[in-house]
Amino acid sequence: MSDQDLHDQELLFEVIENQLADEYPKKVKETLLRLCLTGHSRDEAIELIACALAPEMHAVVEQRQPFDLVRYEAHLGLLPDTPWLDEE
């Protein structure tokens with residue numbers, strides 16, 4: 001993993017921790033609890049949530065699109081499955 005990849009991953013984790021602290025969107029905390037209750041460690045759950053957040057961050061930063069909360073929450077609802085990753 002490159003230094004840039006590690007930086008990007010750390011940034012995603014920081015955003016998720018901020019979302020959890022702010023309790024917005026609520027779906028992030030609900031997803032974390034659901035994943036933990038179904039056998040995932042907290043770290044694994046955060047990594048999975050990062051898989052849902054990454055495409056949204058990419059769209060905002062690289063494509064200058066507005067953050068799509070509806071799509072993000074839809075991806076959170078599908079976790080631990082990540083079918084959107086297969087589409088790339």
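Let us start with E30, which sits in helix α2. This is a predicted model, and in it E30 counts as partly exposed, with a relative accessibility of 48%. E30 and Q65 are 35 residues apart in sequence, and their C-alpha atoms lie 26 Å apart in space.

Is T31 buried or exposed? With a relative accessible area of 1%, T31 falls under the 20% cut-off, so T31 is buried. Setting aside neighbours within four places in sequence, T31 is in contact with I49, L76 and L79.

**How α2 meets α3**

Helix α2 covers residues 26–37 and helix α3 covers residues 42–61. The two pack at an angle of about 135°, and their axes are 9 Å apart. An angle of about 135° lies between 115 and 145 degrees, and therefore α2 and α3 are oblique to each other. In handedness, α2 passes α3 in a right-handed crossing.

Which residues in α2 and α3 meet? On the α2 side they are V28, T31, L32, L35 and C36; on the α3 side they are R42, A45, I46, L48 and I49. Sorted by class, this contact has 8 nonpolar residues, 1 polar residue and 1 charged residue.

**The nonpolar core**

The largest nonpolar core of the model has 17 residues. I16, V28, I49, Y72, L76 and L79 have the most contacts inside this core. Helices α1 (3–22), α2, α3 and α4 (69–78) each supply at least two residues of the core, and α3 gives the most, with 7 residues. As background, nonpolar side chains tend to be buried together in soluble globular proteins.

Two of these core residues, V28 and I49, also take part in the meeting of α2 with α3. L79 is worth a visit in the viewer as well: leaving out residues up to four places away in sequence, L79 touches T31, R34, L35, L48, I49, A52 and W84.

**Backbone features to check**

Most residues other than glycine have a negative phi, and most peptide bonds are trans.

| Site | Feature | Value |
|---|---|---|
| Y24 to P25 | cis peptide bond | omega about -10° |
| L79 to P80 | cis peptide bond | omega near 15° |
| E23 | positive phi, not a glycine | phi about 55° |
| R64 | positive phi, not a glycine | phi about 55° |

Where do these sites lie? P25 has its place in the loop between α1 and α2, and E23 is in the loop between α1 and α2 too. P80 is found in the loop between α4 and α5 (83–86). R64 lies in the loop between α3 and α4.

E23 counts as partly exposed, because its relative accessibility is 40%. R64 counts as exposed, because its relative accessibility is 73%.

L79 links two parts of this report: L79 is among the residues with the most contacts inside the largest nonpolar core, and the peptide bond from L79 to P80 is cis.

How values were computed. Residues numbered from 1 in each chain as written. Predicted model: local features only at pLDDT ≥ 70, side-chain atom pairs only at ≥ 80, totals over all residues. Heavy atoms only, no water. Axes fitted to C-alpha atoms, helices over the stretch in contact; angles between N-to-C directions. Helix = DSSP H or I, 4+ residues; strand = E, 2+ residues; numbered from the N terminus. Parallel < 35°, antiparallel > 145°, perpendicular 65-115°, else oblique. Left-handed = near helix turned anticlockwise from the far one by under 90°. Contact = heavy atoms within 4.5 Å. Nonpolar A, V, L, I, M, F, W, Y, C, P; charged D, E, K, R; others polar. Core = buried A, V, L, I, M, F, W, Y, C linked by side-chain atoms within 4.5 Å. Buried < 20%, exposed > 50% of the residue type's maximum accessible area, 1.4 Å probe, protein only.
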